[in-house]
Amino acid sequence: MTSTRTAPWPLVGHGVGQLLRFGWAQARACAFAVGIFAGLALSAVVPLPIPRYDALLLYGIALTAAFWLLRLETGREVLAILGFHVVGLALELFKVHVGSWSYPGDAWTKIGGVPLYSGFMYAAVGSYVVRAWRLLDLGLTDYRPVATTAVAVLVYANFFTHHWLPDVRVWLAVGLIAATWRTWVHYTVGEARYRMPLSLSFLLIGLFLWIAENVSTLLGAWSYPHQEQAWEMVHVSKLGAWSLLVVVSFVLVATWRQGFGRSAAAEPR
């Protein structure tokens, strides 16, 4: 007997193809971050004529210039990413001062115990958000910029204030879900348009960053107090911290795009 049911293989093949296209777009969006990690890995095994942290700073500057000269990022995008560098350095200076983590290596380009290259790790996050927005043609529906920005400001402030005041990151996570309730992020893969809840995208990116953080500490980019004697995995609670930090990155990029006349909430219904 011949079945009239449609064979599932074309659908499976299409799904695999779309997954590969999505992975390729993500890889391209992560290009700057991959470059930074490559520098971390090489500097851990290759003899250097200058202190490692200083070499990484020069490498980060050269990598940024290369992305601009090769037109992988526009001048405006480079300036936006430099903003992440500044925001990240401010957080690093504070966190190292209070002993949250440390940079044990020597360097000429260290301020307050923080090597200046460390800002490039935050710039890598900013580069990913900027490039993913462009490569996947991101759009938003039911985005509430005021409420989401307010949560992002409180999230950034809590990274500082929780050393003296109660840590309210759980409540901020609840506030974020409320602020982004029914907000969808739309993205293009091939010729198809997809969507997912905006808050879920924050969690997924945070998971990726938590994995990257484990790799970075293994390569000696920095060390948490519990890793000073021997490397141990970064506590899973940091996943939440990274997810919340992604909110700050996202809001900065969304505000930047609106500032240049490209609405962050222009996805048609």
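Helices (H or I, at least four residues) and strands (E, at least two) are taken as DSSP runs and numbered from the N terminus. The structure described here is a predicted model, in which local features need pLDDT of at least 70, side-chain atom pairs count only at pLDDT 80 or more, and totals for chains, interfaces and linings use all residues. Residues are numbered from 1 along each chain as its sequence is written, and side-chain values use heavy atoms, with hydrogens and water left out.

The secondary structure of the protein amounts to 9 helices and 5 strands. Along the sequence these elements follow the pattern α-α-α-α-β-β-α-β-α-α-β-β-α-α. The protein has 269 residues, of which 43% count as buried; buried means under 20% relative accessible area, exposed over 50%, and partly exposed in between, with a 1.4 Å probe and protein chains only. Of the contacts with a separation of 6 or more, 72% are accounted for by residues 24 or more positions apart, contact being defined as heavy atoms within 4.5 Å.

Two loop residues other than glycine have a positive phi. R182, in the loop between helix 7 and strand 4, has a phi near 70 degrees and is exposed, with a relative accessible area of 61%. R71 is found in the loop between helix 3 (52–69) and helix 4. The phi of R71 is about 60 degrees, and R71 counts as exposed at 78% relative accessibility.

Helix 6 was examined against two partners. Helix 6 (residues 145–161) packs with helix 7 (residues 169–179) at an angle of about 165 degrees, the axes being 9 Å apart. Helix 6 is therefore roughly antiparallel to helix 7. Axes are lines fitted to C-alpha atoms, for helices over the stretch in contact, and angles run from 0 to 180 degrees between N-to-C directions. Angles under 35 degrees count as roughly parallel, over 145 as roughly antiparallel, 65 to 115 as roughly perpendicular and the rest as oblique. The crossing of helix 6 and helix 7 is left-handed, meaning that the near helix is turned anticlockwise from the far one by less than a right angle (clockwise for right-handed). On the helix 6 side the contact involves A147, T148, V151, L154, V155 and N158, which meet R169, L172, G175, L176 and A179 in helix 7. These residues divide into 7 nonpolar, 3 polar and 1 charged. In this classification Ala, Val, Leu, Ile, Met, Phe, Trp, Tyr, Cys and Pro are nonpolar, Asp, Glu, Lys and Arg are charged, and the others, Gly among them, are polar.

Helix 4 (residues 75–97) packs with helix 6 at an angle of about 25 degrees, with the axes 10 Å apart. Helix 4 is therefore roughly parallel to helix 6. V87, A90, L91, F94 and K95 in helix 4 meet Y156, F159 and F160 in helix 6. The residues of this contact comprise 7 nonpolar, no polar and 1 charged.

V247 lies in helix 9 and counts as buried at 0% relative accessibility. Not counting residues up to four places away in sequence, V247 touches A152, L176 and F202. V247 and V155 are 92 residues apart along the chain, and their C-alpha atoms are separated by 8.2 Å.

An open sheet of 3 strands has the order 3-4-5, with antiparallel pairing; two strands pair if DSSP finds at least two bridges between them. Strand 3 (139–141) and strand 5 are the edge strands, each pairing on one side only. From one strand to the next the twist averages 30 degrees. Helix 8 packs on the sheet and touches strand 3, strand 4 and strand 5, its direction making about 85 degrees with that of strand 5. Strand 4 (residues 184–189) and strand 5 (residues 192–197) pair in the antiparallel sense over 6 bridges. W184 has P197 of strand 5 as its bridge partner, and H186 stands opposite R195 in strand 5. The hairpin of these strands has 2 residues between them, and in it G190 takes a positive phi near 65 degrees.

Y224 lies in the loop between helix 8 (198–218) and helix 9 (237–259). At 6% relative accessibility, Y224 counts as buried. Leaving aside neighbours within four places in sequence, Y224 is in contact with S100, W101, E213, T217, V234 and K238. Y224 and S102 are 122 residues apart in sequence, with a C-alpha to C-alpha distance of 6.5 Å.
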